Amino acid sequence: MLINGLESNTINATDRGLAYGDGFFSTIKVEFGQVKNWPLHLVRLKQSANRLFFPKIDWIQLQQEIFSSAKTVAKHPHYVLKVMLTRGSGGRGYSAQGCEQVQRIINLSTYPEAYLQWQQSGIAIVQCKSQLGRNKQLAGLKSLARIEQVMIKQELTTLNAVEGLVCDEFGHVIEACSANLFIFLDGQWLTPKLDFCGVAGVMRAQILAHDLIDVIEKEISLDEVNQASCLFLSNALMGIVPIKQYQDKHYSQKQLQPITELQVMLKQGSQS
């Protein structure tokens, strides 16, 4: 683990990331030492820094530390790199006055090999009772304040489910616990708008930017999810994962064909 460019696994107990979740992060896939989709991760990190009024960050330095860390696992086909930025340490209380030194934390961990099987075979998901609170100031950000996701994961563990869809307090479907949602309805790809809550994932951004794929961002209801001919989840680590079962509804291989085609298109695009 690197903390401010130095090998360490300790953090100051007064760090605001620990005290208040005052920071943000990105989880990045590394393939044979190569950082995947770094430009999109960097854009999101910079957006988070701006929206959270962070002090100046040396992005070139951060990039060098990330790339250097990734090279240490170059023999592995898949690895996980997590970069966290906190506002650092400060005095007691919520005020960030005097916090001018951003803390950089970079951690490497093994890749969940189950994701590779999920991409091929799909997964079964449930509908969560847990809800996401709406907060326009934080919508789309991947802040360190992940207590909602911790509670959602606890519900999934109780249900013995690997993933589940989560709504906001008004019943709009937003995302899964750790992934974005896409549905195919009446010949059109749709994904939830994230104006009030949810995380704007890097893989989601890649899909939305793809020239050959037309995706509409809109408010999505549970009825629309139930009517969709297929669904998939996405994030930077798992890529695109088909949903083979949602609650009691099963999807045939024929129904999942649009997802297979999308996987192929994105793979070809990343290699070109």
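Which residue in strand 8 is the bridge partner of Gln127? That partner is Leu165, and the views below start from there. This is a predicted model, where local features need pLDDT of at least 70 and side-chain atom pairs count only at pLDDT 80 or more, while totals for chains, interfaces and linings use all residues. Residues are numbered from 1 along each chain as its sequence is written, and side-chain values use heavy atoms, with hydrogens and water left out.

**View 1. Strand 8 and its neighbours.** Strand 8 covers residues 164-168; strands (E, at least two residues) and helices (H or I, at least four) are DSSP runs, numbered from the N terminus. Strand 7 (residues 123-132) runs parallel to strand 8, with 4 bridges between them; pairing takes at least two DSSP bridges. On the other pairing, strand 9 (residues 173-176) is antiparallel to strand 8 over 3 bridges, and Ala176 is the bridge partner of Leu165. Strands 8 and 9 make a hairpin with 4 residues between them, and Gly171 in the turn has a positive phi of about 85°.

**View 2. Strand 8 side chains and the cores.** Gly164, Val166 and Asp168 point one way from strand 8, Leu165 and Cys167 the other, and all are buried (under 20% relative accessible area; exposed is over 50%, partly exposed in between; 1.4 Å probe, protein chains only). Leu165 turns up again among the residues with the most contacts inside the largest nonpolar core, which has 40 residues. Such a core is a set of buried Ala, Val, Leu, Ile, Met, Phe, Trp, Tyr and Cys residues joined through side-chain atoms within 4.5 Å. Strand 10 (residues 180-185) gives the most to this core, with 5 residues.

**View 3. Arg87 meets Asp22.** Their side chains form a salt bridge at 2.7 Å, N to O; the rule is a side-chain nitrogen of Lys or Arg within 4 Å of a carboxyl oxygen of Asp or Glu. The two sit 65 residues apart, and both Arg87 and Asp22 are buried.

**View 4. Arg204 meets Glu217.** The closest N and O atoms of this salt bridge are 2.8 Å apart. Arg204 is in helix 6 (residues 202-209) and Glu217 in strand 12 (residues 215-218), so the pair ties together parts 13 residues apart in sequence. Arg204 counts as buried because its relative accessibility is 6%, whereas Glu217, at 41%, counts as partly exposed.
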